[in-house]
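What follows is a short report for a reader who is meeting this structure for the first time. Please look over the sequence and the model before reading on.

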Amino acid sequence: MEVEDDFDVLDPERLIQCPYNKHHRIRACRFPYHLVKCKKSYPHVAKELATCPFNARHLVPQADLSDHISKCNDKGFIEQDIVNQSSGFQREQVNAVSTWQAPPCDEDWETEFLEQPNSPFVWGMTNSGINSSSTTLGQKNYLPSSVRAPESFPYAESWKG
């Protein structure tokens, strides 16, 4: 992978050389997507490359990974995060007491469940059409008069045999 200059490292339009095909030059903003695509197109090259633990966009030959890790510019960000955590930066945030309280809940799902009729929910069917002495279900169409409901499913029901 090509060394990036400090002055344009944040420029999303800068061109980066693809580690899978040296003839590919990709804009930085598209580079992660390109890596995924090229990894699939060049599986033999992908097996030879290793991913940097500090930046997934850094793909280097496996033999050079330890050298890259020792020199990687992104290692500084991870090291700074570790320093911040050990110095109590995170502990101060954890020790802060939250004043938020959950609003009172008026729902009682167990009671609602017991009050419901024992008939299952069926899309497009109403419970008002169910008669306890009859096994046929009344069907009500809630569609506007200008719309017709389909008479069958748009797919085959192979499980019904």
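Helices here are DSSP runs of H or I with at least four residues, numbered from the N terminus. The model is a predicted one, and in it helix α2 spans residues 43-46 and includes H44.

With a relative accessible area of 51%, H44 counts as exposed, because the term is used for values over 50%. Although H44 and Y20 are separated by 24 residues in sequence, their C-alpha atoms lie 9.4 Å apart in space.

Y20 belongs to the largest nonpolar core, which has 12 residues in all, and among its other members are I16, C18, F31, V45, A46, L49 and L59. Helices α1 (31-41) and α2 each contribute at least two residues to this core, and the largest share, 3 residues, is supplied by α1.

One member of the core, L49, touches Y20 and L59 as well as P19, V60, P61 and Q62, when residues up to four places away in sequence are not counted.

An unreviewed UniProt entry carries the annotation "domain: CHHC U11-48K-type", which according to that record covers residues 15-42 and 49-76. The two spans are set out below.

| Span | Distance between end C-alpha atoms | Helix | Strand |
|---|---|---|---|
| residues 15-42 | 20 Å | 39% helix | 21% strand |
| residues 49-76 | 23 Å | 32% helix | 21% strand |

Technical notes: Residues numbered from 1 in each chain as written. Predicted model: local features only at pLDDT ≥ 70, side-chain atom pairs only at ≥ 80, totals over all residues. Heavy atoms only, no water. Buried < 20%, exposed > 50% of the residue type's maximum accessible area, 1.4 Å probe, protein only. UniProt positions renumbered as here; feature names shortened; annotations may be inferred. Core = buried A, V, L, I, M, F, W, Y, C linked by side-chain atoms within 4.5 Å. Contact = heavy atoms within 4.5 Å.
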